[in-house]
Amino acid sequence: MTEQKKTTIVLFSGDYDKAMAAYIIANGAAAYDHEVTIFHTFWGLNALRKDEPIQSKKGILEKLFGKMMPRGADKMGLSQMNFAGMGPKMIKRVMKKHSAMSLPQLIDLAAEQDVKLIACTMTMDLLGLGQEELLDEVEYGGVAAYLGEAQEGRVNLFI
Amino acid sequence: MSTTTFLDAKGLACPMPIVRARKVMKELQTGDILEIHTTDKGSVADLTAWAASGGHDLKEKQQEANVFKFWIQKG
């Protein structure tokens, strides 16, 4: 076998369409036998949120952030033509018609393909997100965890 | 003796054809043939590039109506 190729993606965006692009590339890279890491920071963390409400001790600001941000990948808005939530409804219908996979399905598939899903702990603190609110398969790390992978990456993207 | 395994990827959109192809290919022996049928137009370029990158040999491709057919030998 040749040396193990790696792909890393920083998912900064909390937009449904951008996260979809990130996860399609991640799944494609996994099919290319790359070792794939997606490092979620800032609004990209919302893609990893569980969709049920989670009780946890928080300050007022953190609670407010938690309420205002989308709870889970399926609730995220579009980067263009969001139209207060009408856009995502329309695009999901079109996606179904073309049998494109939804974002939650793409995330499940990525986990199944052993894509490493890392959540940035510093921005989790800023946005008031706790580990109990994120998916069970998520790993935790900081910039060094990302760079450790990225310096060996053939493909490194910031989305 | 090489065996031929069939993968029906019709109706699947990107990135599923290569994801499925990789899964099936992993189970095959070197020299075995994977026959894949798809309907996604992008899969023509995708499977060609995927086979080359993985060291496999794309033996033949055909198009019948809206169905693309590939025969890839595991390398």
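In chain A of this predicted model, A:L135 lies in the loop that joins helix 5 (121-127) to strand 4 (139-141), where helices (H or I, at least four residues) and strands (E, at least two) are DSSP runs numbered from the N terminus. Although A:L135 and A:K50 are 85 residues apart along the chain, their C-alpha atoms are separated by 5.7 Å. When residues up to four places away in sequence are not counted, A:L135 touches A:L48, A:R49, A:K50 and A:I107, a contact being defined as heavy atoms within 4.5 Å.

Helix 5 of chain A also holds A:T121, which counts as partly exposed because its relative accessibility is 33%; on this scale buried means under 20% relative accessible area, exposed over 50%, and partly exposed in between, with a 1.4 Å probe and protein chains only. Leaving aside neighbours within four places in sequence, A:T121 is in contact with A:Y140 and A:G141. From A:D74, by contrast, A:T121 is 47 residues away in sequence and 22 Å away in space, C-alpha to C-alpha.

Residues are numbered from 1 along each chain as its sequence is written, and chains are lettered from A and ligands numbered from 1 in the order in which they are written. Local features need pLDDT of at least 70 and side-chain atom pairs count only at pLDDT 80 or more, whereas totals for chains, interfaces and linings use all residues, and side-chain values use heavy atoms, with hydrogens and water left out.

Chain A as a whole contains six helices and five strands, which follow one another from the N terminus in the order β-α-β-α-α-α-β-α-β-α-β. Its radius of gyration is 16 Å, close to the 15 Å that the globule rule gives for 159 residues, so chain A is as compact as a globular protein of that length; the radius is taken over C-alpha atoms, and the rule is 2.2 Å times the number of residues to the power 0.38. The C-alpha trace of chain A spans about 50 × 40 × 25 Å along its principal axes, and 43% of the 159 residues count as buried. Among the contacts in chain A with a separation of 6 or more, 74% are between residues 24 or more positions apart.

Helix 1 is followed by A:D33, whose phi is positive, near 65°.

Chain B has two helices and four strands, arranged from the N terminus as β-α-β-α-β-β. For its 75 residues a compact globule would have a radius of gyration near 11 Å, and the value for chain B, 11 Å, agrees. The C-alpha trace of chain B spans about 30 × 20 × 15 Å along its principal axes, and 43% of the 75 residues count as buried. Of the contacts in chain B with a separation of 6 or more, 66% are accounted for by residues 24 or more positions apart.
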